[in-house]
Amino acid sequence: MDLAGASSPTRREWIVFARRLARRRTALFGLVVVMVVIVSALGAPWLSAYDPVEQDITNRLRPPGALDAAGRAHLLGTDHLGRDILVRMIFGARPALMVGFAAVAISGVLGMGVGLISGYFGGRIDDVFMRLADIQLAFPFILLAIAVIGVLGPSLPVIIVVIGVSSWVVYARVVRGAVLSLREREFVQAAHALGSRDGRVLVRHILPNAFTPWLVVATLDMARVIVIESALSFLGLGVQPPTPTWGGMLADGRVYISTAWWLATFPGLAILVTVLGINLFGDGLRDTLDPRLKL
Amino acid sequence: MKIFLARRLAQSLLVLLGVSFIVFFILYLTGDPALVLLPPDSSEEDVQKFRQAMGFNDPFIVQYGRFLVGALHGNFGQSVRHGEPAFNLVVERMPATFELSGAALLVALCLAIPAGIVSAVRRNTVLDYISTVVALLGQSMPTFWLGIMLILVFSVQFNLLPSSGRGNLEHLILPAITLGLFTTARITRLTRSGMLEVLSQDYIRTARAKGVSGPPVVWKHALKNAAIPIVTIVGIELGTLLGGSVITETIFAWPGVGRLSVQAIYNRDYPVVQAAVFLLSSTFVLVNLVVDVLYTYLDPRIRLR
């Protein structure tokens with residue numbers, strides 16, 4: 001017998017959620033911003049009039065809106081190697097989003113697993129996991145990340161794994177909290193009474209109900225991960241040049257701060273707008289799905 | 001109370017043990033430390049001798065044990081670059097980092113608590129909207145960008161404040177604002193929601209009904225009860241600040257532990273990295289222990305859990 005329908009949000013309920021979410025204008029605005037960033041990351045090669053890595057020293061440090069020697073416009077100017085800033089910003093969305101989605105997927109799955117097991121079985125296992133969480137939280141995160149990446153060498157997979165593996169705690173705590181209350185609910189008891197094994201109860205009955213708080217955490221965590229990715233590339237420990245990254249562009253621009261303000265300003269705005277969009281959407285998601293969730 | 005303290009202390013020690021293991025493991029990941037520490041043209045025989053002398057041939061657990069004993073004595077080995085004990089190098093830089101984190105926390109509390117209260121009391125007014133939007137921007141703004149923009153405006157354009165180094169109060173202003181902004185945003189939002197929740201409680205209505213007027217209700221009755229989550233988050237945010245100091249110190253050339261450790265990573269000076277990570281984490285664990293104990297005075301119910 002399938003009890004899942006009685007317990008977890010059904011498709012109709014999701015539609016209701018979506019409608020309620022759509023009524024929140026700030027959340028909708030956030031979603032639009034995020035969609036624009038995703039689309040430009042995917043379509044970067046077709047959206048860009050210039051090559052993001054090809055250098056053109058004769059046209060270096062042109063201010064925003066200036067025309068280059070060939071009479072072509074650079075909307076946001078060019079950098080110290082004559083590369084178009086706007087184009088590099090569009091391409092810079094790629095590593096940011098890639099790290100964002102992949103790291104959130106890793107930590108989300110890890111945290112979901114830990115939270116389910118910890119909350120459901122309790123006792124020793126729970127103690128062990130929660131102490132591990134304390135240890136994880138005791139590290140100044142960015143310092144740990146740069147130490148490990150500094151040792152292993154910066155590359156996209158290393159960055160993703162380091163951020164992913166060290167960010168599971170929030171997910172685990174939220175899921176665990178949800179499981180603790182779900183465990184005692186009648187539909188779970190009923191599933192047990194009908195002879196369902198632990199694994200089945202966890203996956204079919206508890207997981208779908210712990211999913212909404214998890215989703216909220218994942219959305220808001222994405223914002224944090226994108227900031228970390230750009231912080232790492234700002235420190236030279238992100239995806240390596242010449243691949244454009246927002247943090248890397250900022251680090252380049254910092255050198256020219258007194259003569260060419262646009263180098264550092266625009267990539268930072270790209271991070272700000274993306275992260276703001278995700279936060280707005282995430283806040284809306286939380287208020288719609290799980291208003292009591294404290295994050 | 002004694003049981004609570006003992007349990008909490010044991011917990012902190014356990015966490016520190018875990019921290020030490022991970023810190024050790026980071027160095028273990030580097031592969032062969034002999035190849036890092038010795039000049040590249042050393043003969044195979046020299047490398048072997050060095051390994052034997054340094055104990056790199058011992059089993060993992062023996063090496064970890066030795067590291068742990070050393071760490072407890074404040075011995076993390078010599079800095080490869082500076083030729084001084086790594087522990088001393090890090091401890092020398094601690095005051096600068098504490099000064100910056102403390103100033104940032106002060107900025108955050110001074111801005112966030114009033115802003116959060118005003119926001120809650122004057123809900124849905126222009127003041128509330130301004131503070132909410134600023135908090136949202138603060139939460140979304142990358143620290144390093146904010147730091148660079150502040151330098152652009154206050155150091156480059158108007159030449160009002162120094163952009164690097166440590167010295168008098170002037171040097172502290174820009175880094176403290178940069179580091180504190182994220183925490184300010186967090187605490188503002190938390191204060192606002194906490195106050196809103198408390199202000200709708202029955203005892204506030206009772207106080208008002210008894211004739212207690214506006215401001216005293218907010219200060220005496222509401223804020224005290226909204227303070228508990230704020231105290232917790234201050235402990236947690238201190239971790240954010242200590243970690244965030246890595247980037248802020250790099251931008252403003254602030255001579256603290258964060259900048260030291262970033263340079264140590266570039267220089268492959270791993271003893272310094274280990275000492276820095278270990279000491280910063282220990283500080284954070286210690287602060288949270290203190291916060292938890294303070295907490296039981298604020299809210300005695302916690303002791304009973």
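This is a predicted model: local features need pLDDT of at least 70, side-chain atom pairs count only at pLDDT 80 or more; totals for chains, interfaces and linings use all residues.
Let us start with the overall build. Chain A has 13 helices and zero strands, and its elements read α-α-α-α-α-α-α-α-α-α-α-α-α along the sequence. For chain B the secondary structure likewise comes to 13 helices and zero strands, and from the N terminus on the order is α-α-α-α-α-α-α-α-α-α-α-α-α.

The C-alpha trace of chain A spans about 80 × 45 × 25 Å along its principal axes. For chain B, the C-alpha atoms fill a box of roughly 85 × 60 × 30 Å, again taken along the principal axes. Of the 295 residues in chain A, 49% are buried; in chain B, buried residues make up 37% of 305.

Among the contacts of chain A with a separation of 6 or more, 73% are between residues 24 or more positions apart. The corresponding share in chain B is 71%.

## Where the chains meet

## The nonpolar core

The largest nonpolar core counts 158 residues, and those touching the most other members are Ala145(A), Ile146(A), Val175(A), Ile206(A), Val90(B) and Ala276(B). The helix that gives the most to this core is α11(A), with 19 residues.

Leaving aside its neighbours within four places in sequence, Val175(A) is in contact with Gly111(A), Met112(A), Gly115(A), Leu116(A), Gly119(A), Ala210(A) and Trp214(A).

| Helix pair | Angle | Axis separation |
|---|---|---|
| α5 (residues 85-121) and α6 (residues 123-138) of chain A | about 140° | 7 Å |
| α11 (residues 198-234) and α12 (residues 246-255) of chain A | about 40° | 6 Å |

In the α5(A) and α6(A) pair, the angle of about 140° makes the helices oblique to each other. The crossing of α5(A) past α6(A) is left-handed. From α5(A) the contact involves Val114(A), Ile117(A), Ser118(A) and Phe121(A), while α6(A) contributes Gly123(A), Ile125(A), Asp126(A), Phe129(A) and Met130(A). These residues divide into six nonpolar, two polar and one charged.

The angle of about 40° makes α11(A) oblique to α12(A). Here α11(A) passes α12(A) in a right-handed crossing. The residues in contact are Ser230(A), Ala231(A), Leu232(A), Ser233(A) and Phe234(A) of α11(A), with Trp246(A), Gly247(A), Gly248(A), Leu250(A) and Ala251(A) of α12(A). By class they are six nonpolar, four polar and no charged.

## Local features

Helix α6 of chain A also holds Asp127(A). Is Asp127(A) buried or exposed? Asp127(A) counts as exposed, because there are 11 C-beta neighbours inside 10 Å. Its C-alpha atom is separated by 42 Å from that of Ala41(A), 86 residues apart along the chain.

Now for some backbone geometry. Most residues other than glycine have a negative phi, and most peptide bonds are trans. Against that background, a cis peptide bond joins Pro241(A) and Pro242(A), with omega about 10°. Pro242(A) is found in the loop between α11 and α12 of chain A.

Leu61(A), which is not a glycine, has a positive phi of about 55°. Leu61(A) lies in the loop between α4 (44-47) and α5 of chain A, and it counts as partly exposed because it has 16 C-beta neighbours inside 10 Å.

In chain B, Ala253(B) has a positive phi near 50°. Its place is the loop between α10 and α11 of chain B. With 14 C-beta neighbours inside 10 Å, Ala253(B) counts as partly exposed.

How values were computed. Residues are numbered from 1 along each chain as its sequence is written. Chains are lettered from A and ligands numbered from 1 in the order in which they are written. Helices (H or I, at least four residues) and strands (E, at least two) are DSSP runs, numbered from the N terminus. A residue is buried if 20 or more other C-beta atoms lie within 10 Å of its own, exposed if 12 or fewer, and partly exposed in between; C-beta atoms are placed from the backbone. Two residues are in contact if their C-beta atoms, placed from the backbone, lie within 7 Å. Axes are lines fitted to C-alpha atoms, for helices over the stretch in contact, and angles run from 0 to 180 degrees between N-to-C directions. Angles under 35 degrees count as roughly parallel, over 145 as roughly antiparallel, 65 to 115 as roughly perpendicular and the rest as oblique. A crossing is left-handed if the near helix is turned anticlockwise from the far one by less than a right angle, and right-handed if clockwise. Ala, Val, Leu, Ile, Met, Phe, Trp, Tyr, Cys and Pro count as nonpolar, Asp, Glu, Lys and Arg as charged, and the others, Gly among them, as polar. A nonpolar core is a set of buried Ala, Val, Leu, Ile, Met, Phe, Trp, Tyr and Cys residues joined through C-beta atoms within 7 Å.
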